[in-house]
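Student: I'd like a close look at a single part of this structure, the place where two chains meet. Could you walk me through that part and then set it in its surroundings?

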Amino acid sequence: MARTLVIIPAYNEEATIVSVIENIHASVPDCDIVVVDDGSRDDTASLVCQHGGAELLSLPFNLGIGGGMQTGYKYALRNGYDVAIQCDADGQHPAEEIPRLVARIEDGSADVVIGSRYVADSDYHPSFLRRVGKSILSRWIDLFIGGGITDTTSGFRAMNRQAITIVARNYPEDYPEPEVLVILHKHGLKVIEIPVQMHPRQGGVTSIRPHGAAYYMIKVGLAIVIDIFRRYAPVGVKQ
Amino acid sequence: MEERGAEVVGFYLSHRIGLLCISLVFMGVVLELVRRSHLKERYALLWLGAALGGLIVGVFPQAVVWFSNVFGFQYLTVFYITSFLFLLLLVLVFTVVISKLSERNRDLAQEVALLSHRLSRLEEGHVRDDP
(Lines give C-alpha, C1' and ligand atoms only; values in the text may rest on other atoms or scores of the structure.)
Protein backbone atom coordinates (compact mmCIF):
# COMPACT_ATOMS: atom_id res chain seq x y z
CA MET A 1 0.00 0.00 0.00
CA ALA A 2 1.10 3.54 -0.74
CA ARG A 3 2.45 5.52 2.20
CA THR A 4 -0.68 7.20 3.46
CA LEU A 5 -1.12 10.11 5.86
CA VAL A 6 -4.37 11.26 7.41
CA ILE A 7 -4.31 14.96 8.26
CA ILE A 8 -6.66 16.10 11.02
CA PRO A 9 -6.81 19.85 11.58
CA ALA A 10 -8.04 20.49 15.11
CA TYR A 11 -9.12 23.63 16.91
CA ASN A 12 -10.60 23.04 20.37
CA GLU A 13 -11.70 19.48 19.61
CA GLU A 14 -10.90 17.78 22.94
CA ALA A 15 -14.34 16.12 22.98
CA THR A 16 -13.81 14.08 19.83
CA ILE A 17 -10.15 14.03 18.82
CA VAL A 18 -9.18 10.77 20.55
CA SER A 19 -12.14 8.78 19.22
CA VAL A 20 -11.45 10.13 15.72
CA ILE A 21 -7.83 8.95 15.92
CA GLU A 22 -8.94 5.54 17.22
CA ASN A 23 -11.58 5.13 14.50
CA ILE A 24 -9.02 5.87 11.81
CA HIS A 25 -6.53 3.38 13.24
CA ALA A 26 -9.28 0.78 13.41
CA SER A 27 -10.38 1.33 9.80
CA VAL A 28 -6.98 2.00 8.23
CA PRO A 29 -4.36 0.27 10.38
CA ASP A 30 -1.38 0.96 8.13
CA CYS A 31 -1.66 4.72 7.73
CA ASP A 32 0.02 7.49 9.71
CA ILE A 33 -1.99 10.25 11.32
CA VAL A 34 -0.95 13.83 11.93
CA VAL A 35 -3.04 16.20 14.03
CA VAL A 36 -2.49 19.89 13.31
CA ASP A 37 -3.35 21.72 16.50
CA ASP A 38 -4.32 25.20 15.36
CA GLY A 39 -3.61 26.99 18.63
CA SER A 40 -6.35 25.24 20.64
CA ARG A 41 -7.02 26.61 24.11
CA ASP A 42 -8.41 23.34 25.41
CA ASP A 43 -6.73 19.97 25.99
CA THR A 44 -6.64 18.89 22.32
CA ALA A 45 -2.84 18.88 22.11
CA SER A 46 -2.15 17.11 25.39
CA LEU A 47 -4.79 14.46 24.64
CA VAL A 48 -3.12 13.72 21.30
CA CYS A 49 0.29 13.53 23.01
CA GLN A 50 -0.95 11.18 25.73
CA HIS A 51 -2.75 8.95 23.25
CA GLY A 52 0.38 8.56 21.15
CA GLY A 53 -1.47 7.24 18.09
CA ALA A 54 -0.84 10.34 16.03
CA GLU A 55 1.92 12.82 15.36
CA LEU A 56 1.21 16.31 16.65
CA LEU A 57 2.03 19.57 14.88
CA SER A 58 1.38 22.53 17.15
CA LEU A 59 0.92 25.91 15.53
CA PRO A 60 2.11 28.72 17.81
CA PHE A 61 -1.16 30.62 17.31
CA ASN A 62 -4.44 30.18 15.50
CA LEU A 63 -4.06 30.40 11.71
CA GLY A 64 -7.56 29.33 10.71
CA ILE A 65 -8.55 26.22 8.81
CA GLY A 66 -6.59 27.04 5.63
CA GLY A 67 -3.28 27.63 7.38
CA GLY A 68 -3.79 24.51 9.49
CA MET A 69 -4.55 22.23 6.54
CA GLN A 70 -1.60 23.60 4.61
CA THR A 71 0.69 22.76 7.54
CA GLY A 72 -0.49 19.15 7.26
CA TYR A 73 0.15 19.08 3.52
CA LYS A 74 3.62 20.55 4.00
CA TYR A 75 4.28 17.76 6.49
CA ALA A 76 3.03 15.17 3.98
CA LEU A 77 5.24 16.62 1.27
CA ARG A 78 8.40 16.77 3.37
CA ASN A 79 7.95 13.28 4.74
CA GLY A 80 7.41 11.72 1.35
CA TYR A 81 3.84 10.48 1.64
CA ASP A 82 2.17 9.21 -1.54
CA VAL A 83 -1.39 9.88 -0.43
CA ALA A 84 -2.78 12.42 2.03
CA ILE A 85 -6.34 12.38 3.33
CA GLN A 86 -7.86 15.34 5.11
CA CYS A 87 -10.39 14.49 7.74
CA ASP A 88 -12.33 16.63 10.25
CA ALA A 89 -11.63 16.30 13.95
CA ASP A 90 -15.30 16.42 14.92
CA GLY A 91 -16.09 12.86 13.84
CA GLN A 92 -18.30 13.77 10.86
CA HIS A 93 -16.04 12.15 8.33
CA PRO A 94 -16.40 8.37 8.31
CA ALA A 95 -13.01 6.70 8.84
CA GLU A 96 -14.34 3.44 7.37
CA GLU A 97 -14.64 5.18 3.97
CA ILE A 98 -10.97 6.20 3.84
CA PRO A 99 -9.83 2.98 2.09
CA ARG A 100 -12.38 3.63 -0.70
CA LEU A 101 -10.98 7.13 -1.26
CA VAL A 102 -7.41 5.85 -1.26
CA ALA A 103 -8.29 3.00 -3.62
CA ARG A 104 -9.43 5.44 -6.30
CA ILE A 105 -6.14 7.33 -5.98
CA GLU A 106 -4.09 4.15 -6.14
CA ASP A 107 -5.84 2.75 -9.21
CA GLY A 108 -5.06 6.05 -10.93
CA SER A 109 -8.66 7.10 -11.59
CA ALA A 110 -7.96 10.58 -10.23
CA ASP A 111 -5.42 12.85 -8.56
CA VAL A 112 -7.96 13.95 -5.96
CA VAL A 113 -10.95 12.05 -4.61
CA ILE A 114 -13.69 13.86 -2.70
CA GLY A 115 -16.03 12.09 -0.31
CA SER A 116 -19.31 13.64 -1.36
CA ARG A 117 -22.48 14.05 0.68
CA TYR A 118 -24.74 14.61 -2.31
CA VAL A 119 -24.18 11.77 -4.69
CA ALA A 120 -27.25 9.48 -4.94
CA ASP A 121 -26.92 7.03 -2.07
CA SER A 122 -25.91 9.42 0.69
CA ASP A 123 -28.55 10.72 3.09
CA TYR A 124 -27.18 14.11 4.00
CA HIS A 125 -30.06 16.58 4.30
CA PRO A 126 -28.90 20.10 4.95
CA SER A 127 -31.29 22.96 5.70
CA PHE A 128 -33.05 24.67 2.80
CA LEU A 129 -30.93 27.84 2.88
CA ARG A 130 -27.73 25.86 3.13
CA ARG A 131 -28.81 23.73 0.17
CA VAL A 132 -29.61 26.80 -1.93
CA GLY A 133 -26.31 28.43 -1.00
CA LYS A 134 -24.26 25.38 -1.78
CA SER A 135 -26.09 24.78 -5.03
CA ILE A 136 -25.39 28.34 -6.22
CA LEU A 137 -21.76 27.93 -5.23
CA SER A 138 -21.48 24.63 -7.06
CA ARG A 139 -23.01 26.09 -10.24
CA TRP A 140 -20.57 28.97 -10.02
CA ILE A 141 -17.62 26.61 -9.67
CA ASP A 142 -18.98 24.45 -12.51
CA LEU A 143 -18.79 27.51 -14.69
CA PHE A 144 -15.04 27.67 -14.18
CA ILE A 145 -13.88 24.10 -13.84
CA GLY A 146 -16.30 22.37 -16.16
CA GLY A 147 -18.45 20.55 -13.66
CA GLY A 148 -18.67 17.07 -12.33
CA ILE A 149 -18.32 18.04 -8.67
CA THR A 150 -21.53 18.45 -6.67
CA ASP A 151 -20.13 18.66 -3.15
CA THR A 152 -17.57 21.43 -3.51
CA THR A 153 -17.46 22.22 0.22
CA SER A 154 -16.72 18.72 1.45
CA GLY A 155 -13.54 18.63 3.50
CA PHE A 156 -13.20 14.85 3.25
CA ARG A 157 -10.63 14.39 0.50
CA ALA A 158 -7.72 12.26 -0.60
CA MET A 159 -4.86 13.64 -2.69
CA ASN A 160 -1.96 12.03 -4.51
CA ARG A 161 1.63 13.22 -4.42
CA GLN A 162 1.18 15.67 -7.27
CA ALA A 163 -1.84 17.30 -5.64
CA ILE A 164 -0.04 17.41 -2.28
CA THR A 165 2.83 19.32 -3.90
CA ILE A 166 0.43 21.91 -5.28
CA VAL A 167 -1.64 22.49 -2.15
CA ALA A 168 1.44 22.57 0.09
CA ARG A 169 2.47 25.59 -1.98
CA ASN A 170 -0.90 27.31 -2.43
CA TYR A 171 -3.68 27.02 0.09
CA PRO A 172 -6.47 29.56 0.55
CA GLU A 173 -6.85 30.96 4.07
CA ASP A 174 -10.50 30.85 5.01
CA TYR A 175 -13.26 28.62 3.63
CA PRO A 176 -10.66 26.92 1.44
CA GLU A 177 -12.46 23.83 0.10
CA PRO A 178 -14.13 25.21 -3.05
CA GLU A 179 -11.11 27.34 -3.94
CA VAL A 180 -8.74 24.40 -3.69
CA LEU A 181 -10.76 22.70 -6.44
CA VAL A 182 -10.20 25.66 -8.73
CA ILE A 183 -6.47 25.72 -7.95
CA LEU A 184 -6.15 22.00 -8.65
CA HIS A 185 -8.12 22.39 -11.86
CA LYS A 186 -5.82 25.19 -12.98
CA HIS A 187 -2.87 22.86 -12.51
CA GLY A 188 -4.61 20.31 -14.72
CA LEU A 189 -5.36 17.73 -12.05
CA LYS A 190 -8.26 15.32 -12.21
CA VAL A 191 -10.80 15.50 -9.37
CA ILE A 192 -13.60 12.98 -8.87
CA GLU A 193 -16.12 12.45 -6.10
CA ILE A 194 -17.58 9.34 -4.58
CA PRO A 195 -20.61 9.13 -2.27
CA VAL A 196 -20.00 8.70 1.44
CA GLN A 197 -22.29 8.54 4.45
CA MET A 198 -21.27 11.33 6.81
CA HIS A 199 -21.76 10.94 10.56
CA PRO A 200 -23.47 13.65 12.58
CA ARG A 201 -21.06 16.00 14.37
CA GLN A 202 -20.04 14.46 17.69
CA GLY A 203 -18.90 17.58 19.49
CA GLY A 204 -17.45 21.05 19.07
CA VAL A 205 -18.96 23.78 16.93
CA THR A 206 -19.01 24.44 13.19
CA SER A 207 -16.65 27.11 11.94
CA ILE A 208 -19.29 28.53 9.60
CA ARG A 209 -21.78 30.63 11.52
CA PRO A 210 -25.23 31.18 10.01
CA HIS A 211 -24.89 34.96 9.73
CA GLY A 212 -21.50 34.43 8.08
CA ALA A 213 -23.12 32.57 5.20
CA ALA A 214 -23.58 35.62 3.00
CA TYR A 215 -19.98 36.64 3.57
CA TYR A 216 -18.97 33.08 2.80
CA MET A 217 -20.78 33.11 -0.55
CA ILE A 218 -19.39 36.47 -1.62
CA LYS A 219 -15.85 35.75 -0.46
CA VAL A 220 -15.64 32.32 -2.03
CA GLY A 221 -17.46 33.41 -5.18
CA LEU A 222 -15.00 36.24 -5.76
CA ALA A 223 -11.94 34.29 -4.71
CA ILE A 224 -12.73 31.65 -7.32
CA VAL A 225 -12.78 34.21 -10.11
CA ILE A 226 -9.51 35.66 -8.85
CA ASP A 227 -7.96 32.19 -8.65
CA ILE A 228 -8.68 31.71 -12.33
CA PHE A 229 -6.53 34.72 -13.18
CA ARG A 230 -3.95 34.35 -10.44
CA ARG A 231 -0.36 33.64 -11.33
CA TYR A 232 1.11 30.67 -9.55
CA ALA A 233 4.76 29.98 -9.01
CA PRO A 234 5.62 26.94 -11.12
CA VAL A 235 5.53 23.72 -9.13
CA GLY A 236 8.11 21.16 -10.09
CA VAL A 237 6.21 17.87 -10.09
CA LYS A 238 7.14 14.66 -11.77
CA GLN A 239 4.16 13.04 -13.42
CA MET B 1 0.39 90.43 -3.04
CA GLU B 2 1.19 88.04 -0.23
CA GLU B 3 -2.02 88.97 1.61
CA ARG B 4 -3.97 88.40 -1.60
CA GLY B 5 -2.41 84.93 -1.81
CA ALA B 6 -3.73 84.09 1.61
CA GLU B 7 -7.20 85.37 0.70
CA VAL B 8 -7.27 83.36 -2.48
CA VAL B 9 -6.53 80.20 -0.55
CA GLY B 10 -9.26 81.18 1.88
CA PHE B 11 -7.06 80.88 4.96
CA TYR B 12 -7.74 83.13 7.88
CA LEU B 13 -5.19 83.65 10.59
CA SER B 14 -7.03 81.21 12.90
CA HIS B 15 -6.89 78.54 10.19
CA ARG B 16 -3.18 79.06 9.78
CA ILE B 17 -2.52 78.87 13.51
CA GLY B 18 -4.64 75.72 13.73
CA LEU B 19 -2.77 74.12 10.85
CA LEU B 20 0.58 75.04 12.40
CA CYS B 21 -0.38 73.57 15.75
CA ILE B 22 -1.70 70.36 14.22
CA SER B 23 1.43 69.97 12.08
CA LEU B 24 3.75 70.56 15.03
CA VAL B 25 1.91 68.13 17.31
CA PHE B 26 1.79 65.57 14.50
CA MET B 27 5.52 65.95 13.94
CA GLY B 28 6.15 65.53 17.67
CA VAL B 29 4.00 62.40 17.81
CA VAL B 30 5.80 60.87 14.81
CA LEU B 31 9.25 61.60 16.29
CA GLU B 32 8.18 60.15 19.63
CA LEU B 33 6.87 56.99 17.91
CA VAL B 34 10.23 56.57 16.18
CA ARG B 35 12.06 57.18 19.44
CA ARG B 36 10.02 54.41 21.12
CA SER B 37 10.61 52.12 18.11
CA HIS B 38 6.88 51.92 17.38
CA LEU B 39 7.42 53.29 13.90
CA LYS B 40 10.10 52.51 11.34
CA GLU B 41 12.15 55.43 10.02
CA ARG B 42 11.17 54.44 6.49
CA TYR B 43 7.52 55.22 7.20
CA ALA B 44 8.31 58.07 9.58
CA LEU B 45 9.97 60.05 6.76
CA LEU B 46 6.71 59.99 4.84
CA TRP B 47 4.69 61.33 7.77
CA LEU B 48 7.34 63.92 8.63
CA GLY B 49 7.14 65.06 5.01
CA ALA B 50 3.37 65.42 5.32
CA ALA B 51 3.72 67.38 8.57
CA LEU B 52 6.35 69.60 6.95
CA GLY B 53 3.89 70.26 4.11
CA GLY B 54 1.32 71.35 6.72
CA LEU B 55 3.86 73.65 8.36
CA ILE B 56 4.80 75.28 5.06
CA VAL B 57 1.18 75.89 4.12
CA GLY B 58 0.53 77.30 7.61
CA VAL B 59 3.38 79.78 7.36
CA PHE B 60 3.05 80.57 3.63
CA PRO B 61 -0.57 79.92 2.53
CA GLN B 62 0.25 81.17 -0.96
CA ALA B 63 2.37 78.00 -1.32
CA VAL B 64 -0.89 76.26 -2.17
CA VAL B 65 -1.54 78.76 -4.96
CA TRP B 66 2.03 78.44 -6.17
CA PHE B 67 1.77 74.66 -6.11
CA SER B 68 -1.52 74.75 -8.00
CA ASN B 69 -0.02 77.04 -10.65
CA VAL B 70 3.06 74.85 -11.09
CA PHE B 71 0.90 71.81 -11.72
CA GLY B 72 -1.65 73.75 -13.73
CA PHE B 73 -4.59 73.19 -11.37
CA GLN B 74 -7.37 75.59 -12.40
CA TYR B 75 -9.28 75.15 -9.16
CA LEU B 76 -7.91 74.70 -5.67
CA THR B 77 -10.40 71.86 -5.17
CA VAL B 78 -8.25 69.83 -7.54
CA PHE B 79 -5.37 70.36 -5.14
CA TYR B 80 -7.39 68.91 -2.27
CA ILE B 81 -8.67 66.01 -4.35
CA THR B 82 -5.08 65.20 -5.36
CA SER B 83 -4.06 65.14 -1.71
CA PHE B 84 -6.97 62.84 -0.93
CA LEU B 85 -6.05 60.46 -3.77
CA PHE B 86 -2.49 60.44 -2.50
CA LEU B 87 -3.69 59.36 0.94
CA LEU B 88 -5.91 56.71 -0.66
CA LEU B 89 -2.90 55.35 -2.53
CA LEU B 90 -0.93 55.32 0.70
CA VAL B 91 -3.59 53.23 2.44
CA LEU B 92 -3.59 50.81 -0.49
CA VAL B 93 0.19 50.48 -0.25
CA PHE B 94 -0.11 49.76 3.46
CA THR B 95 -2.73 47.05 3.00
CA VAL B 96 -0.41 45.43 0.44
CA VAL B 97 2.38 45.58 3.01
CA ILE B 98 0.07 44.05 5.66
CA SER B 99 -0.97 41.25 3.28
CA LYS B 100 2.62 40.37 2.57
CA LEU B 101 3.50 40.44 6.26
CA SER B 102 0.57 38.23 7.24
CA GLU B 103 1.57 35.73 4.55
CA ARG B 104 5.11 35.60 5.91
CA ASN B 105 3.70 35.35 9.40
CA ARG B 106 1.64 32.31 8.37
CA ASP B 107 4.63 30.66 6.69
CA LEU B 108 6.76 31.20 9.79
CA ALA B 109 4.10 29.80 12.12
CA GLN B 110 3.83 26.68 9.94
CA GLU B 111 7.60 26.34 9.88
CA VAL B 112 7.73 26.61 13.68
CA ALA B 113 5.17 23.80 14.00
CA LEU B 114 7.01 21.56 11.51
CA LEU B 115 10.46 22.22 12.95
CA SER B 116 9.48 21.82 16.60
CA HIS B 117 7.85 18.49 15.72
CA ARG B 118 11.01 17.41 13.92
CA LEU B 119 13.12 18.57 16.84
CA SER B 120 11.15 16.55 19.35
CA ARG B 121 11.37 13.50 17.06
CA LEU B 122 15.13 13.93 16.90
CA GLU B 123 15.34 14.26 20.67
CA GLU B 124 13.43 11.01 21.00
CA GLY B 125 15.99 9.41 18.71
CA HIS B 126 13.78 8.87 15.67
CA VAL B 127 15.91 10.19 12.86
CA ARG B 128 14.07 10.48 9.59
CA ASP B 129 15.27 11.40 6.19
CA ASP B 130 13.67 14.75 5.61
CA PRO B 131 14.62 16.71 2.50
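How many residues from chain B and how many from chain A does the contact take?

Tutor: Happy to. Please keep in mind that this is a predicted model. The contact takes 18 residues from chain A and 14 residues from chain B. Between them, the two chains bury about 1,500 Å², with 49% of that on carbon and sulfur atoms. On the chain B side, R106(B), Q110(B) and L114(B) lose the most area to chain A, and together they make up 38% of what that side buries.

Let's turn to the charged pairs. Between chain B and chain A the count is four salt bridges. Sorted by class, the side of chain B that touches chain A has six charged, five nonpolar and three polar residues. Seven residue pairs are found in polar contact across this interface.

One of the salt bridges pairs the side chains of R121(B) and E55(A), at 2.9 Å from N to O. Over all chains, the count of salt bridges comes to ten. R121(B) belongs to helix α5 (residues 76-124) of chain B, while E55(A) belongs to strand β3 (residues 55-58) of chain A, so this pair joins two chains. Both R121(B) and E55(A) are buried.

A second pair to look at is R106(B) with E173(A), a salt bridge whose closest N and O atoms are 3.0 Å apart. Here R106(B) lies in helix α5 of chain B and E173(A) in the loop between α6 (161-169) and α7 (176-186) of chain A, so this pair also joins two chains. The two partners can be checked by their accessibility. R106(B) has a relative accessible area of 11%, and because buried means under 20%, R106(B) counts as buried. E173(A) has a relative accessibility of 39%, so E173(A) counts as partly exposed, a class that runs between 20% and 50%.

K74(A) takes us into chain A, to helix α3, where K74(A) is among the buried residues. Helix α3 of chain A covers residues 65-78, and its 14 residues should span 20 Å at 1.5 Å a residue; the C-alpha atoms at its ends are 20 Å apart, which agrees. Most of α3(A) is covered, with eleven of its 14 residues buried. Among them are G66(A), G67(A), G68(A), M69(A), Y73(A) and Y75(A). After α3(A) comes G80(A), which has a positive phi, near 70°.

Now for the surroundings in chain A. This chain has eight helices and seven strands. Of its 239 residues, 54% are buried. Among contacts in chain A with a separation of 6 or more, 77% come from residues 24 or more positions apart. A salt bridge within chain A gives you a pair to inspect: the side chains of R117(A) and D151(A) meet at 2.7 Å, N to O. The pair links distant parts of the chain, 34 residues apart, with R117(A) in the loop between β5 (112-116) and α5 (128-145) of chain A and D151(A) in the loop between α5 and β6 (157-160) of chain A. R117(A) and D151(A) are both buried.

Two backbone details are worth a glance before you leave the model. Most residues other than glycine have a negative phi. N12(A) has a positive phi, near 50°, and is not a glycine. N12(A) sits in the loop between β1 (4-10) and α1 (17-27) of chain A. Its relative accessibility is 25%, so N12(A) counts as partly exposed. In chain B, S37(B) is not a glycine either, yet its phi is positive, about 60°. S37(B) is found in the loop between α2 (13-35) and α3 (41-59) of chain B. With a relative accessible area of 62%, S37(B) is exposed.

Methods: Residues are numbered from 1 along each chain as its sequence is written. Chains are lettered from A and ligands numbered from 1 in the order in which they are written. This is a predicted model: local features need pLDDT of at least 70, side-chain atom pairs count only at pLDDT 80 or more; totals for chains, interfaces and linings use all residues. Side-chain values use heavy atoms; hydrogens and water are left out. Contact means heavy atoms within 4.5 Å. Buried area is the accessible area (1.4 Å probe) that two parts lose on being put together, summed over both. A polar contact is a pair of N or O atoms within 3.5 Å; within protein, one must be able to donate a hydrogen and the other to accept it, and residues adjacent in sequence count only if both atoms are side-chain atoms. Ala, Val, Leu, Ile, Met, Phe, Trp, Tyr, Cys and Pro count as nonpolar, Asp, Glu, Lys and Arg as charged, and the others, Gly among them, as polar. Helices (H or I, at least four residues) and strands (E, at least two) are DSSP runs, numbered from the N terminus. The expected span of a helix is 1.5 Å times one less than its number of residues. Buried means under 20% relative accessible area, exposed over 50%, partly exposed in between (1.4 Å probe, protein chains only).
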